[in-house]
Amino acid sequence: MLSKMPASDNAQQCHVDHSIAPAQTTRGKGHTWVKSRWKNPSLLGQFSVAINTLSSWITPRNELDTSSDEFASLVTGTNDEGAKTIKDLFGEKAFNYAKPPSLVRELLRQATSPGDLVLDFFAGSATTAQAVMELTAEDGSDRRFIMVSSTEATADAPDKNLCRDVTAERIRRLNAADGKYADLAAEFAYLRTREIDFEDLDYDLTPGQAWSALEALHGLPLTTYDSSRGWNGHDGDETVLVLVDTPDSTLPDWVSARSGRNLFVYAWAPGQVEAMLAGIDVLPVRQTLVSRFIA
Ligand SMILES: C[S@@+](CC[C@H](N)C(=O)[O-])C[C@H]1O[C@@H](n2cnc3c(N)ncnc32)[C@H](O)[C@@H]1O
């Protein structure tokens with residue numbers, strides 16, 4: 001699944017989403033919850049002592065033989081590993097100071113379980129995504145990820161898009177890689193965010209953007225909106241989603257063939273579409289998105 005949400009040129013942020021149910025990002029996972037699932041009790045003990053820094057219980061792999069720290073029980077690579085991984089994948093230093101994948105992977109091994117959704121708001125070169133992919137390859141778990149990062153565009157470099165060219169590109173390259181990365185795989189969608197004023201929503205939001213938001217809202221895999229059609233339908237196993245931009249004569253038959261199912265029909269002007277689809281509720285795109293995404 002790969003879909004792209006077009007956005008204005010000044011979009012400053014995007015996210016890379018290996019999660020078909022983004023609504024779950026708000027699932028409550030406080031500190032207590034993480035601690036209660038901390039897998040290595042000796043690490044948990046260290047973690048809760050505020051005066052011990054994180055690095056005090058992590059041993060770089062190249063210091064393993066000489067380390068006398070009895071508490072340091074998480075062994076990882078160093079920044080060299082991060083730099084080397086970037087070089088392996090991009091053939092050049094595409095990102096400075098990438099974290100070692102093994103460090104993030106071992107932290108995630110401790111702090112997450114299969115099925116968890118890992119969110120990195122400052123994803124940079126997407127080391128966290130690779131760490132999730134490595135864990136999945138190792139134990140077959142279905143951990144998912146959302147990577148959020150800045151484009152790093154500036155007045156001097158207005159076209160820079162680190163998120164597209166490094167964050168998402170790393171995941172693309174890992175998916176295509178052979179050799180030591182051959183087992184890593186993650187379907188994902190690359191999306192860009194942009195700000196739209198409420199009052200401009202009807203005019204500024206394209207049907208394709210509304211489509212991605214509605215699919216996400218209903219927990220459906222993201223698909224590409226076909227703007228050459230007056231309406232698009234997503235015929236999911238459990239949920240059927242329809243977004244009507246311009247109704248046409250093919251719509252009533254398609255919808256009525258699915259009327260016994262979990263059906264959601266959206267339109268910009270529901271009244272007109274409801275008149276065509278006797279007995280079927282048609283939901284307003286604008287109000288739905290405003291009430292869902294604005295507190
Ligand atoms: C320290 S780097 C993260 C490195 C990452 N752990 C890795 O291994 O590649 C922080 C990243 O956050 C991004 N960033 C900074 N401010 C941001 C913001 N407000 N929203 C999203 N990302 C941001 C930066 O562009 C940078 O790529």
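Two exercises follow on a predicted model, each with a worked solution. Residues are numbered from 1 along each chain as its sequence is written. Local features need pLDDT of at least 70, side-chain atom pairs count only at pLDDT 80 or more, and totals for chains, interfaces and linings use all residues.

**Exercise 1.** Describe the shell around the ligand.

*Solution.* Begin with the count: 15 residues surround the ligand, the closest being Lys-99, Phe-122, Gly-124, Ser-125 and Thr-127, where a residue is near a molecule if its C-beta atom, placed from the backbone, lies within 6 Å of it. Next, sort the shell by class, which gives six nonpolar, seven polar and two charged residues; here Ala, Val, Leu, Ile, Met, Phe, Trp, Tyr, Cys and Pro count as nonpolar, Asp, Glu, Lys and Arg as charged, and the others, Gly among them, as polar. Finally, strand S6 (residues 144–150) gives the most to this shell, with three residues; strands are DSSP runs (E, at least two residues), and helices are runs of H or I with at least four, numbered from the N terminus.

**Exercise 2.** Work out how helices H4 and H5 pack.

*Solution.* Helix H4 (residues 101–111) meets helix H5 (residues 127–139) at an angle of about 60°, and their axes are 8 Å apart; the axes are lines fitted to C-alpha atoms over the stretch in contact, with angles from 0 to 180 degrees between N-to-C directions. That makes H4 oblique to H5, since angles under 35 degrees count as roughly parallel, over 145 as roughly antiparallel, 65 to 115 as roughly perpendicular and the rest as oblique.
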